[in-house]
Amino acid sequence: MRWDAQALQPALVDDVTAPTAAPLLPMAGLLRSISTPEFAGITFHEVTAKSVLNKVPPQSTMPFGWTVNPYRGCSHACVYCFARKSHTYLDFDSGLDFDSQVVVKVNAGPVLRAELARPSWTREHVALGTNTDPYQRAEGRYRLMPGIIEALAESGTPFSILTKGTLLSRDIPLLKEAAQLVPIGLGISLAMMDEELQAAIEPGTPGPRARLRLVSRLREAGLPCGVMAMPILPYLSDSDDALDELFSSLAAAGATGVTAGALYLRPGTREWFMSWLARNHPSLVGKYRRLYGGPQGSGSYADAGYRKWLAQRVAFFKRKHGFPPSGAFAHDGLTQDSATEFHPDPRVEEAQYPQGSMPERPHPNVAAPRSLAAESGHRLSGAPRRLHDGGHDREVRRNPRQGVQGALF
């Protein structure tokens, strides 16, 4: 299919594919907006970016100082996604627009390469997948990640990738080459094994079994792979049986390490999630309102008592299945030996990344940029591929994206 034939003229955009907020013409760097029947209800807005390297605010608790996000918005459509609020900065809403209006920085690779070549760049750790998923399905067509990986590795910049997308397996050969030049970390997001629940709350993502196979493929390739088992959903995926199955499956897949934590409901996410909960699990609405009440009745984090209970259960099942602790904290007179992974400040908990997902050691080549082409004798082409990418796409076809209905409140 020719994507050029799918370009939308602003006057012809219908109510299904148009953003619910302002028209897109004022968007900086907009080249064209594209809709295709293969992604019914989703519009891709191709833009040229002036910069793709983002500085993390100094007050952040995250274990990295820089990020790159080649996409804004995400067709994975996870109801709980904490990044929903960021879409409002583009004059989109944080609900259906976040799922269906995806901004693509088509020049991300070349722009990043230029930024990393500046004399002022000190080759600090760069994280990908911290806002929206770099391996969402459109990556199969746009192929932005190979150029980004090459630019980072060849500049001597350590990097990490966090994703739910099984399309990452396409780039395993390139990642193996990159790991010879710089420290890398790879993380997979997987927090539930219940396929019915996963299909309802993560409707555009590969299923749990597909992600487990990806973990195994990465480990078989000699690459690290930590798993972020977040979010654990109160009353939905936090039972002993659910946690035992999750950690057992991750251990069998060969995950390097695991961190787990409760759902966060920041503004923009809270409204969308609570609307979904009211439609799908109305009996839990009152419990969630109490659990996430906060001082003003609209807290972002679960009650400390619940988080402490969950941390104890997580620590138990991690020990049971042979996972190392991911940063234990001792409180309330506990000795370090009896400490759990609970911390009174939930921002500290959410900044705990699993072993294998972050670059862990200085690399002898970090100070000496080299070329992947020189290492392997070739460079991967950045030419676009067809939208569907073989077996990777089949993992999500069983679970086609469903629009989430209902007004925000």
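I count two strands as paired if DSSP finds at least two bridges between them. Helices (H or I, at least four residues) and strands (E, at least two) are DSSP runs, numbered from the N terminus.

I am working on a predicted model, where local features need pLDDT of at least 70, side-chain atom pairs count only at pLDDT 80 or more, and totals for chains, interfaces and linings use all residues. Residues are numbered from 1 along each chain as its sequence is written, and side-chain values use heavy atoms, with hydrogens and water left out.

**Entry 1: strand E10.** I looked up the neighbours of E10 first. E10 and strand E11 (residues 257-262) are parallel and share five bridges. Methionine 228 sits opposite threonine 259 in E11. From E10 the chain passes through helix H8 (residues 240-253) to E11, a right-handed β-α-β crossover. Right-handed here means that, with the strands pointing away from the viewer, the path from the first strand over the helix to the second runs clockwise.

I then checked strand E9 (residues 184-189), which runs parallel to E10 and is joined to it by three bridges. Isoleucine 188 faces valine 227 in E10.

Is E10 buried or exposed? I use buried for under 20% relative accessible area, exposed for over 50%, and partly exposed for in between (1.4 Å probe, protein chains only). Seven of the seven residues of E10 (residues 226-232) are buried, so the strand is largely enclosed by the rest of the structure.

**Entry 2: nonpolar cores.** My criterion is a set of buried Ala, Val, Leu, Ile, Met, Phe, Trp, Tyr and Cys residues joined through side-chain atoms within 4.5 Å. The largest core has 92 residues, and Phe159, Phe273 and Tyr288 have the most contacts inside it. Helix H4 (residues 145-154) gives the largest share of this core, six residues. I also found a second, separate core of eight residues, among them Val56, Ala127, Met228 and Tyr353.

**Entry 3: salt bridges.** I searched the whole structure for a side-chain nitrogen of Lys or Arg within 4 Å of a carboxyl oxygen of Asp or Glu. The search gives 10 salt bridges.

- Arginine 32 and glutamate 46 form one, at 2.7 Å, N to O. Arginine 32 is in strand E1 (residues 30-35) and glutamate 46 in strand E2 (residues 43-47), so the pair ties together parts 14 residues apart in sequence. Arginine 32 is partly exposed at 22% relative accessibility. Glutamate 46 is buried at 5%.
- Arginine 113 and glutamate 154 form another, at 2.9 Å, N to O. Arginine 113 is partly exposed at 32%, and glutamate 154 is buried at 10%.
- Arginine 170 and aspartate 171 also meet in a salt bridge, at 2.9 Å, N to O. Both are buried. Shared partners join Glu139, Arg170 and Asp171 into one network.

**Entry 4: largest pocket.** A pocket is an open set of points on a 1 Å grid over the protein atoms alone, where a 1.4 Å probe fits, with protein on both sides within 12 Å along at least five of seven lines; lining residues have an atom within 4 Å of a point. Points are joined across faces, edges and corners, and the volume is the space filled by probe spheres set on them. I get about 1,500 Å³ for the largest pocket. It has 45 lining residues, with Met62, Phe82, Thr130, Asn131 and Arg266 the closest to its centre.

Which element supplies the largest share of the lining? E10 does, with three residues.
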